[in-house]
Amino acid sequence: MKETINLLPRDRLRAIVMHRRITQWGAAVSLCATVVLPAALALREGVDPALIERARRSEEILASLQQQRSMLAKELAGLQQELRAETTLEAQARWESLIEHVLTLLGEDAALERLAIERVQSPDGTARYHLALRGLVREQSDALDLTVRLEGLGVFERVVLEESARRETIAGELISFRIRATLRGSEA
Amino acid sequence: MRHTSSIGLHLGRGWASGVQLRPGGRLRASMLVETGTEDLSEETVARVARILDRRGFEGRRVTLCAPDDAAISALLDVPDRASGAPIDQIVRSELARLARAEASTLCATSWDLPAHARQREGASVLGVALPEDEGERLCAVFECVGLRVVAIDARFCAVARACGSIIQGQELAGVVEISHGASRVVVLHHDTIVYERSLPACGLDGLVATLVRELRTDEEIATHLLMHEGLCEQFGDERDGWIRLGTAREAIAAWTSDLARECETALRFTRERYRCGAAGVLVLAGHGARIPGLAEFLEPLVETRTHRWSPSDALGDGAPDEPALATALGLAMRYD
């Protein structure tokens, strides 16, 4: 029987998954420290010096890559913050900046038919802003990929691929898509 | 499995059952106790926690099943997953609509069902949900007594898992869990749960109430007659002459016929949906499976081989012969 479900509240489930990962990671680190590292040190005595030098260089390159990665991560966090600030409604959103980012994400593989910012009034009086995109891509996976990339921008609370269907066009059969992205913290 | 399982714990109507397994699926500890209350209060849970300690259960991690009155499940038709449609959201919305609740308040999940005979497009799923606040309430009650809830399963999934060794590989198989509040029928097609239904009219409490009324006796005697004499026709002693036993047997037989009708309906529905052969086996589990003569009486009515489940079916010799442990064992078998 394959059905193993867990109906725990989502936050608790996430915490359990995280705890499990940390435990596994801790076990892996302990294994390295107690078994792999001593074994590697023991082996090193009989190893070619050229190989040791290559390993040292690789380690240096890895360290430099990790440093670059952390710098890029910081830069990305700064950009996301900037983007968020520009889309908050108290500051009268600078939509052109958001649209520019979205258009960059679309790249050359997607054709946009409609891009709209919709203001939806909730029954409780608050307003939410949605970015509605409609367009064409070559493959089904391109539409999903675009959804994921929009999520990755970090400024949307929710990105939903509302529709993706085949459509005959002059250029042949393409996939038409409709995406709705809700701006994070967009209550008026 | 490399580690000891979490404690599979089921607090039902007036009863609590628990099972914990050792690595490799051997029994570590089990318990079945009468709590005498339907209320899942901190006091009841604290009492159960003390019993767990005394019975040799290890650790504080427990796996529970969703309460019967809060869990929501339904067969749903959804778009094909390949279409990219947000299936999880659709399932949650549909279950919320059925439960007249807000979709965002539900913790929902689903699994794909095999394509049925009349399916032209889209897919079918079996969706299950539990309101988040109910899940939180459960976790909070157990946390108060130092137990940590690591998973909440659907009861019918747990029972089907416990009966896995009997139903495995069958094209079509049924499981009936007969408990105090209601009975539950689960149908599996090639080891996938494809149908589930709760039968409140077929609970043991209703049958005991009928016996109390028919025999003009008290609940204790009625329960004794049900669980010890049941549907047996011949005892070979003075009981064969007791008229009241005959009256009790008639009431139990009528109740069993109703249960058989529900089982047959469920099996026929699935057989027609998947255009498959007759069910290979109908497994009886839960408190009611202990009613003497029930399996023999039910078998010709449902025209399916009927098997009375026992924990030894899953754990081998040495396990207690108590079909009421099915839910708790199924929860422990998850190895959360």
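**Sheet and chain contact in chain B**

In the predicted model, strand β6 of chain B and strand β7 (residues 123-131) of chain B pair in the antiparallel sense, the pairing extending over seven bridges. Within this pairing, B:W111 has B:L126 of β7(B) as its bridge partner. Strands of a sheet pair through backbone hydrogen bonds, in either a parallel or an antiparallel arrangement.

The two strands belong to an open sheet of three strands in chain B, with the order β5-β7-β6 and antiparallel pairing. Its edge strands are β5 (72-78) and β6 (106-112) of chain B, each of which pairs on one side only. From one strand to the next, the twist averages 30°.

Two helices of chain B lie across strands of this sheet. Helix α2 (residues 87-99) of chain B lies across β5, β6 and β7 of chain B and runs at about 130° to β5(B). Helix α3 (residues 132-144) of chain B lies across β6 and β7 of chain B, running at about 50° to β7(B).

Elements of this region also take part in the contact between the chains, to which chain B gives 27 residues and chain A 18 residues. On the side of chain B that touches chain A, at least two residues each are supplied by β6, β7, α3, β8 (148-153), α4 (155-162) and β11 (192-199) of chain B. The largest share of that side, five residues, comes from β8(B). By residue class, the side of chain B that touches chain A comprises 15 nonpolar, six polar and six charged residues.

Definitions and conventions
Residues are numbered from 1 along each chain as its sequence is written. Chains are lettered from A and ligands numbered from 1 in the order in which they are written. This is a predicted model: local features need pLDDT of at least 70, side-chain atom pairs count only at pLDDT 80 or more; totals for chains, interfaces and linings use all residues. Two strands pair if DSSP finds at least two bridges between them. Helices (H or I, at least four residues) and strands (E, at least two) are DSSP runs, numbered from the N terminus. Axes are lines fitted to C-alpha atoms, for helices over the stretch in contact, and angles run from 0 to 180 degrees between N-to-C directions. Two residues are in contact if their C-beta atoms, placed from the backbone, lie within 7 Å. Ala, Val, Leu, Ile, Met, Phe, Trp, Tyr, Cys and Pro count as nonpolar, Asp, Glu, Lys and Arg as charged, and the others, Gly among them, as polar.
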